[in-house]
Structures are given as structure tokens and as C-alpha cells.
Amino acid sequence: MPKVAVVYYSMYGHVAKMSDAVVEGLKKNEGLEVTLFQIKETLPQEVLDKMYAPPKRENVPVVTPKDLEAFDGVLMGIPTRYGNMPAQWKTFIDATGQQWKAGAYHGKYVGIYTSTATQHGGQETTIMSTIPVLAALGMIYVPLGYANCYPELGNVTEVVGGSPYGAGTITNGDGSRQPSELELKIASVQGEQFGKTVLKAFRA
């Protein structure tokens, strides 16, 4: 049975909620094993306390580079820091040297969903700047595209995150905005379609 890992980092819970929607979408596919992971926090607790960051989910295991060797696909929840991935994700990526050397991730399918504080805060650049890393690891990037969610991505009647590169949510500068129903729907669509892509490869 093909296995997909959903791996996220979330300081204030926005990307964690998006991850739940991604998992929900993946599970609409029969014959797919789905596991949720989170990226290890690198900031000291005293700093997190000063930033009013809530506790991490205790029921979601922290992923290691070795863990992902066992999966056929990975969906990455990568929040934005100045149009790029945060240090927590960078630390994880920098620890995959052994997997890179061995080609342990080569041929695995991968997709990305994200978040930004503002509408123009870099959702597309965060994903695009991560793709070279995935290429170095030999992973096959699967975009969200428009085919299954054009009405949602093309909605101009409300604020909505996401792009054909991947689902996204907009958090507001103070983190007060939670993922909307529309954004969660797009994340679920991404999960479902990513799962179909992985299954298609295994049934070919």
C-alpha cells in the first residue's frame, strides 16, 4: 500500500489546521496509508513564550529525515518567512545529507502548502524557492494546479490564500485570522489530488 507523509511546521497553529484538511483530502482515496508528522522546534521555550506561541500538538510525532525514507509521497506544510521557508524547516532539510548522498528520497512525490501574514507575503515564492531543494533530492514535485479548484482559487469575493503551486492561508500580521473554509477546502483538494497522483503511479 502506498504511503504518504504529511509534514508541517506551525508556530501559531495555522499550518497545523491546513494539515488536518490535507490529511482529510488524502484519506478520500482508498488504498493509501497517511501519517501526520511535525517538524522539530528549534527555538528555546523562553523565546516561544515571549512570542505567545501555543504548545505544539503532543499527539503528532516529530519527524526525522530517516522517517521519510519509508514513504512514497510527502506533502510539506511550509509557512513563509520573508518569501522563504522558516529556520525550522531549513534545519530539517540541512539534516538530509545522508538521504541526499544515498538517493533515499529520489523518485518520491512531493507537494507543498503554505501560509503568509498578508495577501502578497510570498506564498508562491516560498514554494518556488523550495523546489530547487526538492530537485537536489531527486523528488518529483506535484503542483496543485487549477483543474480541480479553479472556482476556489479564482474567487475574488473574499480574501483567500493559495495558488496553482499549492494551497495557502493568510494569517494577518498578528496571527488573528484562521484558515477560512475556502482555504481549508483548497487544502483538502490538494491532499485528495496528490493522493490520486501517488496511487496512479503505483497502479501503472
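1. Let's start with the strands: β1 (residues 3–8) and β3 run parallel, and five bridges join them. Strands here are DSSP runs of E with at least two residues, helices are runs of H or I with at least four residues, and both are numbered from the N terminus. Two strands pair if DSSP finds at least two bridges between them.

2. A quick word on what you're looking at. This is a predicted model, where local features need pLDDT of at least 70 and side-chain atom pairs count only at pLDDT 80 or more, while totals for chains, interfaces and linings use all residues. Residues are numbered from 1 along each chain as its sequence is written, and side-chain values use heavy atoms, with hydrogens and water left out.

3. Now follow β3 to its other partner. β3 and strand β4 (residues 109–116) pair in the parallel sense, this time over seven bridges. Met76 has Ile112 as its bridge partner in β4.

4. How covered is β3? Seven of the seven residues of this strand (residues 73–79) are buried. Buried means under 20% relative accessible area, exposed means over 50%, and partly exposed is in between (1.4 Å probe, protein chains only). Both faces are covered: Gly73, Leu75, Gly77 and Pro79 are buried on one side, and Val74, Met76 and Ile78 on the other.

5. Back to β1. Five of its six residues are buried, so the rest of the structure largely encloses this strand. β1 also runs parallel to strand β2 (residues 33–38), with six bridges joining the two. Val4 turns up again here, standing opposite Val34 in β2. To get from β1 to β2, the chain passes through helix α1 (residues 14–26), and this β-α-β crossover is right-handed. That label applies if, with the strands pointing away from the viewer, the path from the first strand over the helix to the second runs clockwise.

6. The expected span of a helix is 1.5 Å times one less than its number of residues. For the 13 residues of α1 that should come to 18 Å, and the end C-alpha atoms are 19 Å apart, which agrees. Ten of the 13 residues are buried, so α1 is largely enclosed by the rest of the structure. Among the buried ones are His14, Met18, Val22 and Leu26. What do the buried residues of α1 pack against? They pack against β1, β2, β3, β4, β6 (168–170) and α7 (181–203), with contact meaning heavy atoms within 4.5 Å.

7. Over in helix α7 sits Val189, which counts as buried at 14% relative accessibility. Val189 and Gly25 are 164 residues apart in sequence, but 5.9 Å apart in space, C-alpha to C-alpha. If you leave aside neighbours within four places in sequence, Val189 is in contact with Leu144, Asn148 and Cys149.

8. Next, aromatic rings. Rings of Phe, Tyr and Trp (its six-membered ring) pair if their centres lie within 6.5 Å; planes under 30 degrees apart count as stacked, over 60 as edge-to-face and the rest as tilted. The count by this rule is three aromatic pairs. One of them is Phe37 with Phe71, an edge-to-face pair at 5.7 Å centre to centre and 90 degrees between the planes. Phe37 belongs to β2 and Phe71 to the loop between α2 (45–50) and β3, so the pair ties together parts that are 34 residues apart in sequence. Phe37 counts as buried at 7% relative accessibility, and Phe71 does at 4%.

9. Trp89 and Phe92 form an edge-to-face pair too, at 5.7 Å centre to centre and 85 degrees between the planes. Both lie in helix α3 (residues 87–94), three residues apart, about one turn of the helix. Trp89 is buried at 1% relative accessibility, and Phe92 is buried at 8%.

10. Finally, two tyrosines to check. Which residue has phi near 60 degrees, a positive value in a residue other than glycine? That's Tyr52, in the loop between α2 and β3, which counts as exposed at 72% relative accessibility. Tyr82 has a positive phi as well, near 55 degrees. Tyr82 is found in the loop between β3 and α3 and is exposed, at 87% relative accessible area.
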